Amino acid sequence: QQADIGLIGLGVMGANLALNIAENGYRVAVFNRTVEKTHAFHQEAGALKDKIIPCETLEELAKNIRAPRPIILMVKAGDAVDEQIAALKPFLAKEDIIIDAGNANFHDTVRRLKELGANDPTFVGMGVSGGEEGARHGPSIMVGGTPESYARIEPVLTAISAKYEGESCAALLGPDGAGHFVKTIHNGIEYADMQMIAEIYGILRDGLGLSPAEIGKIFDKWNKGPLNSYLIEITAKVLAATDKETGKPAVEIIVDSAGQKGTGRWAAIEAQMLGIPATGIEAAVAARSISALGGERAKAAKAYASLGTPKLAGTDQSFIDALEQGLLAGKIAAYAQGFAVMAGASTEHGWNIPLDTTAKIWRAGCIIRSQFLDEIASAFTGGSQDNLLLAPSFVERMKTASTALRDVVAKAALAGLPTPALAAALSYFDGYRQARGTANLIQAQRDFFGAHGFKRVDKEGDFHGPWSDVS
Ligand code: 6PG
């Protein structure tokens with residue numbers, strides 16, 4: 001009996017996705033560059049062995065899948081995807097679908113689709129989030145492609161996806177690069193979320209002098225409130241863990257230098273290219289870069305040792321509550337930015353990304369899953385593309401939460417504790433709610449030195465200033 005679907009690349013994500021597919025009753029033909037890995041995977045599949053067809057060559061893989069064949073690629077993003085498509089193409093027909101499920105740059109997805117000719121298989125760019133666990137038991141799946149190709153893969157994607165109150169967390173979000181673009185922004189938001197959590201941890205650790213276990217308890221408590229989310233939940237768990245070798249809290253033996261594979265950076269770059277402010281995401285990416293400057297930071301710490309980092313004064317439970325509300329406010333602003341970038345890209349590329357559906361399929365399965373995303377989905381109901389900060393429910397929330405964020409950022413600044421993402425979120429909020437900003441001065445300067453012209457508040461047209469009159 002032939003397989004319903006194929007999967008190439010049995011790394012952590014690919015292997016778990018294949019098991020997930022098999023567990024949901026679909027037969028899956030699998031291929032990996034190293035043949036031993038393919039057989040080892042099959043041998044270890046236990047009860048799911050019968051649903052898995054191990055293939056040693058791409059030709060064998062193609063033969064073992066019922067036409068028209070859907071084939072998932074779960075290989076390293078970048079050149080490996082192009083190589084795999086080229087190697088696979090000779091064995092496929094026009095009706096087949098190659099589905100790139102890696103963390104591809106959406107520009108590559110658009111290019112790959114263009115490069116495939118009229119007689120080549122169709123191409124689908126699919127963002128998958130949820131890490132190892134998600135891949136195995138239900139990820140969030142963000143698809144970019146044609147409605148026809150989606151209709152063909154929808155049953156299996158629906159089956160393997162995470163469910164939020166019974167609703168599948170897989171959806172078609174637009175044509176060509178839309179799915180991978182949404183995944184990129186998901187990762188940008190993930191960076192911002194993680195950075196803001198780390199900043200709050202820094203305030204609790206360095207400003208208040210709390211131990212990891214104590215901080216863990218605070219996050220655990222917050223996980224029962226409006227901040228309830230996977231990232232807060234694992235933060236509490238991580239802070240409670242003990243290093244087996246030393247008996248010290250696990251977080252204390254980890255080097256403070258964050259890795260990054262590029263998707264967060266892409267999110268910031270795309271926001272910049274679109275001219276849409278995503279300062280929370282940008283700050284988070286930059287903070288990872290600063291974290292990587294360990295040697296320089298050690299030198300600077302010595303050079304500025306006399307400035308110290310004073311402990312925060314007057315911090316009681318009400319300040320801990322302010323940290324909770326402040327984190328929520330920062331999160332709202334960062335998500336508002338991420339969704340604004342998706343709305344902007346959607347217009348720019350004619351993608352029609354449904355923001356409500358995007359929020360819905362992030363409610364379960366993915367790394368940023370949370371109860372909060374259900375509120376975001378409601379705010380975008382009816383096809384609204386307005387900034388989240390203008391949605392009535394969030395206006396109410398921000399009225400109180402922004403005051404807490406201000407308190408947190410101000411106290412941290414006075415103590416010399418860095419809060420780049422929280423501060424960026426606050427400044428974005430304050431700039432966004434300012435009916436008359438300060439760019440009139442920038443326009444005057446631009447006109448002064450470059451005769452760039454400006455608009456007047458009192459009449460239509462382009463004008464120049466009386467700069468030559470001033471000596
Ligand atoms: C997910 C994650 C996953 C990974 C990102 C970010 O949604 O499952 O986003 O894709 O965490 O690639 O990785 P880095 O932090 O290494 O950039």
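Predicted model: local features only at pLDDT ≥ 70, side-chain atom pairs only at ≥ 80, totals over all residues.
I started with Lys183: it has 30 C-beta neighbours inside 10 Å, so it counts as buried, the cut-off being 20 or more.

Next I looked up where Lys183 sits, and it is in helix α8. Skipping neighbours within four places in sequence, I found Lys183 in contact with Asn103, Gly127, Ser129 and Met142.

Then I turned to Glu190. Buried or exposed? Glu190 has 21 other C-beta atoms within 10 Å, so I put it down as buried. Glu190 is also found in helix α8. With neighbours within four places in sequence left out again, Glu190 is in contact with Ile367 and Ile368.

On to the ligand. How many residues surround it? I get 13, and the closest are Ser129, Asn187, Gln260, Lys261 and Ile367. Two of those names were already on my page: Ser129 from the contacts of Lys183, and Ile367 from the contacts of Glu190.

I checked the make-up of the shell by class: nine polar, two nonpolar and two charged residues.

Domain 1 (5–176) and domain 2 (184–432) each contribute at least three residues to the shell around the ligand.

Methods:
Residues numbered from 1 in each chain as written. Near = placed C-beta within 6 Å. Nonpolar A, V, L, I, M, F, W, Y, C, P; charged D, E, K, R; others polar. Domains from an automatic or database assignment. Helix = DSSP H or I, 4+ residues; strand = E, 2+ residues; numbered from the N terminus. Buried ≥ 20, exposed ≤ 12 C-beta atoms within 10 Å, placed from the backbone. Contact = placed C-beta atoms within 7 Å.
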